[in-house]
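Here are my notes on the model you sent. Please read them with the coordinates open.

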Amino acid sequence: MSSTSREFEKRRTFAIISHPDAGKTTLTEKLLLYGGAIHQAGSVKSRKAKRSATSDWMALEKQRGISVTSSVLQFEYDSIRWNLLDTPGHNDFSEDTYRTLTAADCAIMILDAAKGVEPQTRKLFRVCRMRGIPIVTFINKLDRPARDSFDLLSQVEDVLGIQSFPYTWPIGSGDLFQGVYERSSKRVLRFEKGEAGNSSKAEAVEVDLDSDALNELLGEDAADTLRGEVELLDGAGEEWDEERFLKGELSPVFFGSALNSFGIEPFLDRFKNLCPIPLPRKTADGTELEPGSDRFSAFIFKIQANMDPSHRDRIAFARICSGSFEGGMRVHHFRMGKSIRLNRAEQFFAQDRETVMEAYAGDILGLYDPGIFRIGDTLSSGGPLLFDAVPRFSPEHFGRIQLLDPLKRKQLQKGIQQLAEEGTVQLFTEPGREKDPICGVVGKLQFEVLTYRVQHEYGAKISFDILPFKYARWLEGPETPEEALAQRIPIAVHDRDKKIVGLFRDDWEVERAVRDVPDWTFHETSPIRAGEG
Ligand code: G4P
């Protein structure tokens, strides 16, 4: 292996998953702060504010004060290049959020200590589980009254079905929060409430759990509680098992308060060893491509349109899987079956984006896209290569498009076609009603985004008739939608690849169908092969 190809060993590519308000922005900011990528707390927020003020290509962002798109942040810490895939942190997210996880090697799951596992965490978590990527848990906001820590862990185990291994353990919460106990080093890290946003280090005290010193440090009651809880963990808790962690079956858990910068250091120190280096990637023919291979390869996992309204440009985000990238290099574009030059590639630093001249497995490239990329495309040096497909996830909201100006049908078709290519929306057609396609989205907000974009970018005014469905299942079994309808599937449609899809109103309807037609398979996702995007 050449020295350049070992560069991948210095890469860590991860994402943060959480329910809105659990503290993702705050933790991201603290990671960047400790990683030295920013120098002042509040920068990420101001980046958010700045972005929503400048990216007025979508006034929605501004109106709602949220960021509709997601991007990549990069920082150096401890001689490692960290690539943090940023997933939108608002209530309504898109399929992008899910797909971004296909490019990550590890995920941090943040839970609010008062709320535990919330709906959005659950959804994102399922995507991580599907890929089997390792998950590290950070339980946040211990400076506020929290739920019992054992209850939180059992909830993680019951609801998410993953075992947990607490690396640190909280000492009280809310006004009684005194810090955390680090089990491996047997140290108490004392919490001292500072100004919100300060990043001073916590005092670490090495102390024997059975000693009087612990009583003096914490007070007798808190010391006794800690002793009892640690004994319980040591006795009845899970053992640490790296292999199970890497398979996504066991999650190390850390407690802290992102806002107070407390618990970040032990977390980051440990995380840098836990987060795996880029792993081999499966190709469509079932073999694996090693990240250290000399052969460059990457796949497109996300396309972001119109980042700059004055240029109407698109950026295709590519995750490098092997080899090294050099600005201007020629690669094979599998779907188009031809060689292209990668001229304008960008990387995204904490606060800026800049042209990149070299990058390695694990890194994310933002490629200028004049309309040649689709989700799932594979790029490679040394001839054709195709990676295993990127999944298309079941939408959770469905609406039938109503064209308000019938003369603009062409514009509408062009618009939704392109938005479907970007992966913003999934299109379905019902036999006999081909002129009124059904749009499926993961977050309801996407309907507003679509209405806005189809009007402003393509000149067609539309609205949506919201349909009462919640799930799409790709059906393996029936040959035609009619066959599916005959089995009491509420509505059967075609997706863009002419695959048959059943739409369902609730869990009960899905379960009934699965029971009624045991010979059929009901897939929750559908692979996007290059060219099908
Ligand atoms: P998100 O990106 O996951 O949506 O969450 P974000 O970091 O924006 O945090 C949501 C709210 O929770 C923010 O308060 C933030 O300050 C607060 N928060 C984050 N970590 C902690 C913590 O450890 N302890 C406490 N007590 N609060 C925390 P906000 O009032 O909504 O926003 P802001 O006015 O602080 O910006």
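**Notes on strands, sheet and ligand site**

1. The strands concerned are β17 (residues 330–333) and β18 (residues 338–341), which pair in the antiparallel sense over four bridges. Keep in mind throughout that this is a predicted model.

2. Look next at the turn of this hairpin. Four residues lie between β17 and β18. Gly337 has a positive phi there, near 65°.

3. β17 has a further partner to check. Strand β23 (residues 378–380) pairs with β17 in the antiparallel sense, over two bridges. His332 has Ser380 in β23 as its bridge partner.

4. Now the open sheet. Four strands build it, in the order β7-β8-β9-β10, with antiparallel pairing. The edges are β7 (168–171) and β10 (203–206). Each edge strand has a single partner, so one of its sides is left without a neighbour in the sheet. On average, neighbouring strands of this sheet are turned by 25° against each other, with direction ignored.

5. Inside that order, take β8 and β9. Strand β8 covers residues 179–182 and strand β9 residues 187–190. Four bridges join them in the antiparallel sense. Val180 stands opposite Leu189 in β9.

6. What lies across β7 and β8? Helix α8 does, with residues 220–236. The helix runs at about 155° to β7.

7. The ligand site deserves a separate pass. There are 18 residues around the ligand. Asp21, Lys24, Thr25, Thr26 and Ser257 come nearest. By class, the shell divides into four nonpolar, eight polar and six charged residues. Helix α1 (residues 24–34) supplies the largest share of the shell, three residues.

8. A ligand oxygen atom is 2.4 Å from an N or O atom in the side chain of Thr25. For the side chain of Thr26, the distance from an N or O atom to a ligand oxygen atom is 2.5 Å. Arg144 involves a nitrogen atom of the ligand instead: an N or O atom of the Arg144 side chain is 3.3 Å from that nitrogen.

9. How much of the ligand's accessible area does the protein cover? On its own, the ligand has 710 Å² of accessible area, and the protein covers 71% of that.

Conventions. Residues numbered from 1 in each chain as written. Predicted model: local features only at pLDDT ≥ 70, side-chain atom pairs only at ≥ 80, totals over all residues. Heavy atoms only, no water. Near = heavy atom within 4 Å. Polar contact = N/O pair within 3.5 Å; in protein donor to acceptor, adjacent residues only side chain to side chain. Areas by Shrake-Rupley, 256 points an atom, 1.4 Å probe, with all protein chains shown as cover. Nonpolar A, V, L, I, M, F, W, Y, C, P; charged D, E, K, R; others polar. Pairing = 2+ DSSP bridges. Axes fitted to C-alpha atoms, helices over the stretch in contact; angles between N-to-C directions. Contact = heavy atoms within 4.5 Å.
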